[in-house]
Amino acid sequence: MVSNPVHGLPFLPGTSFKDSMKTAFHRSQTLGYRNGYAIVRHPTVGIGGDRLQFNQLSQAELDELASKAPVLTYGQPKQAPPADFIPAHVAFDKKVLKFDAYFQEDVPVSTEEQYRIRQVNIYYYLEDDSMSVIEPVVENSGILQGKLIKRQRLAKNDRGDHYHWKDLNRGINITIYGKTFRVVDCDQFTQVFLESQGIELNPPEKMALDPYTELRKQPLRKYVTPSDFDQLKQFLTFDKQVLRFYAIWDDTDSMYGECRTYIIHYYLMDDTVEIREVHERNDGRDPFPLLMNRQRMPKVLVENAKNFPQCVLEISDQEVLEWYTAKDFIVGKSLTILGRSFFIYDCDPFTRRYYKEKFGITDLPRIDVSKREPPPVKQELPPYNGFGLVEDSAQNCFALIPKAPKKDVIKMLVNDNKVLRYLAVLESPIPEDKDRRFVFSYFLATDMISIFEPPVRNSGIIGGKYLGRTKVVKPYSTVDNPVYYGPSDFFIGAVIEVFGHRFIILDTDEYVLKYMESNAAQYSPEALASIQNHVRKREAPAPEAESKQTEKDPGVQELEALIDTIQKQLKDHSCKDNIREAFQIYDKEASGYVDRDMFFKICESLNVPVDDSLVKERQGLTLLPDWNAVV
C-alpha cells in the first residue's frame, strides 16, 4: 500500500488531505533552449510544485518499452492466423449499381417527330463486373421495349478492355454497341458505394423528355358549340338603355399618382363597356373624352390566352371564359379593367330601378369618397447647435435662402442710443478676480448686452472688450424656448450669469436711475428697494469712505482732479450736447471710457477750452478717463 508522503497515511478515502495554503497549480515547463536549440527536459516537480518521487520516462522511451515483446517471460508469441478468403461472388452477391440514362434515336420516316428520346436503366453487377441495359415498358408505345442489352461484360474499346464500376459516373457519355448513352443520375446505394471508394461524383442532371410523348399528354382541343341566345331580341329590347356608374381610380400610392373620377357606361343592348373621363375646370389635362372606347370587357381569360396579342388582334369567345356583365357592376365594390382598379361609389336613378327590377337589389346608397385634407404637420425645429442666436439658426429651416429675423422697428426707433450701464464684479474663487470691475451696457433698442473691463494699472490683466454685443440667455431656460435678460433683471445686488460666469451688480449710472423711475412698473419691488437703499447710502457717505478716499492711488486722484477741472470749464459751454454725441460715436463699445489721446482730440475738434497745464498733466496719466463723468 502506498503511503501519503506528507502525513504518512495510506492513500485511502478519508486519509488524504489537500493543502489549503497551496495556490499554484500550474504545470512545470518541459521545454528549454540550449545553445540556441530547443530541447526537452524532464520535469522535476508536478502540478502545484510537489516534488516528483519517481523518474519520468520520455515519450521515446515509453514507445520503446511498449514495442518490446516480453519474450523472456512469456516466450515467443504465436503468429495470428491469416484472414479468411472471401471470393468476390460472395462479398458482392446481390449488390447492383443502378444508373439512370437516356439515348437519342433518329426518326426519319415520321412527319410528327424528327427524333425520339428513350429513357433506360443501366445495371452494373459487382459480383462479376457484368452490365445490362433495360428500358422501362410504356404502354401502347408501339416500340419494342424491355431488355435492350442482356447481362454481360461490355467492351469499352477496341483493345478488349471492359467497363469497370470506376469508369461510371454521373454526367458522362458511354458508348455501348454503337449507341451513346447519357448518364444523368444514380440511386442512393450507388452514390454511397462510389463515394466510399473515393470517387467524386458529378452533380446530377435533369432527365431529357421525349417531345412527342409530352405532346400526347396535352389535353385534346375543346370545341364550343355556338350559343342559341337571341342577340337580335336583346338589341331590340334594350336599345338605348345604358347603365351609368360613377367611379374613381385611386393611384395615390404610386409616385405622382392622384385620385381621378370617371363615368362608366354599360350598354345593355350588346353588353359593352365605355369609360369616360370627368374633366374639371383648370385641371391641367387635355380634354380627351374617353379613357376606353366602347367594347366588350373580358373578365376571365383562357389560361393559354394570357400571351394573346391583344394590341393587334381582337379577343374572341375562344380566348375568354367569362365576360363582364351587369351583375358585376355594384355600388360599393371595386373591379379591375385594363389593369386599373375602379371603385364604384354611385349610379343614376335608371340604374337603381334596373337593379331593383332585374336583380332585386334595393340598397344602393351613394358612398362619400371625398378625402379630407390631413391635418397640417407641425413643423419642428432641429436642436440648437450653439452658434449664433436661436432666431438666426431657425431661419435656415424656414427658407432655402435664409433671411434675417424681423426686428421691432418701432422699439429700435424709440430706444435708439438709449443704453443702461451698470458696474459689476466677477464672482470667482480666484483672488486675482476679486478686484476686477466690469461695465455692463444694456442696449434698449436691441436687448443686447456688452461687457467692458476698464484696464487697471499694474494689475496683470489686459482690459478692454470682455463681451461683444449679443443677447444673453438666462440660466435654466430651455434651448427651444430661450429667455433673454431684460432691463428688469438688472438692479443692485442682482446676479447675472453670462455663459457660465456670474457677475454681481454693484452700481448704476444716473440714466439708469431716471429710466427706472419713469418705468417703475417693469421692475420688481426688490429691484426698486435695492436702488433706493443705494441712493440713500450715496447721499449719506460714511466717514470711513473719506478716509479711504485719501488712500486712493495717486493716478486715480490725478484723474479725478483733471475731471473736476474740465467739468468747471464746461459749465458755461454752449455745445455740451454735441460733446456727448461725439463721445458716443467714438465709444463704439458703449463702455463709457475712451483713450486718453482720443479724449483730448475730441476736445480739440470741438474747440473745448483746455488749459496748457491740463495738456501737460495728461502725459503723466495712465488711466482711461470716464467721459460720462466729464460730460
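This is a predicted model: local features need pLDDT of at least 70, side-chain atom pairs count only at pLDDT 80 or more; totals for chains, interfaces and linings use all residues.
Biologist: OK, which residues are buried in helix α7?
Modeller: Thr351, Tyr354 and Tyr355, in a helix that spans residues 349-358. Buried means under 20% relative accessible area, exposed means over 50%, and partly exposed is in between (1.4 Å probe, protein chains only).

Biologist: And why are they on the same side of α7?
Modeller: Because they cover an arc of only 95° around the axis. The arc is taken from the directions from the helix axis to the C-beta atoms. In general, an α-helix has 3.6 residues a turn, so residues three or four places apart point the same way.

Biologist: What's on the face turned away from the buried side of α7?
Modeller: The exposed residues Pro349, Lys356 and Glu357 sit there.

Biologist: So what covers the buried residues of α7?
Modeller: Strands β9 (242-250) and β16 (340-347) are among the cover. α7 lies across those two strands, running at about 110° to β9. Contact means heavy atoms within 4.5 Å. For the angle, axes are lines fitted to C-alpha atoms, for helices over the stretch in contact, and angles run from 0 to 180 degrees between N-to-C directions.

Biologist: What order do the strands have in the open sheet?
Modeller: The order is β12-β11-β10-β9-β16-β15, six strands with antiparallel pairing. At the edges are β12 (290-295) and β15 (334-337), each pairing on one side only. From one strand to the next, the twist averages 35°. Two strands pair if DSSP finds at least two bridges between them.

Biologist: How many bridges do β9 and β10 have?
Modeller: Nine, between β9 and β10 (residues 259-267). In that pair, Trp249 stands opposite Arg260. On to β16: four bridges join β9 to β16, with Phe245 opposite Cys347. β15 and β16 are also joined by four bridges, and Ser334 has Phe343 as its bridge partner.

Biologist: New topic: which residues touch the most other members of the largest nonpolar core?
Modeller: Tyr422, Phe440 and Phe490, out of 28 residues. A nonpolar core is a set of buried Ala, Val, Leu, Ile, Met, Phe, Trp, Tyr and Cys residues joined through side-chain atoms within 4.5 Å. Elements that each supply at least two residues of this core include β17 (419-427), β18 (437-443) and α11 (525-539). A second, separate core has 25 residues, including Leu243, Trp249, Phe329 and Ile344.

Biologist: What is Phe490 in contact with?
Modeller: Leaving aside neighbours within four places in sequence, the contacts of Phe490 include Tyr422, Phe440, Ile449 and Tyr523.

Biologist: Last one: where is His164?
Modeller: His164 is in the loop between β6 (146-152) and β7 (172-176). His164 is partly exposed, with a relative accessible area of 26%. Beyond neighbours within four places in sequence, His164 is in contact with Tyr124 and Asp129.

How values were computed: Residues are numbered from 1 along each chain as its sequence is written. Side-chain values use heavy atoms; hydrogens and water are left out.
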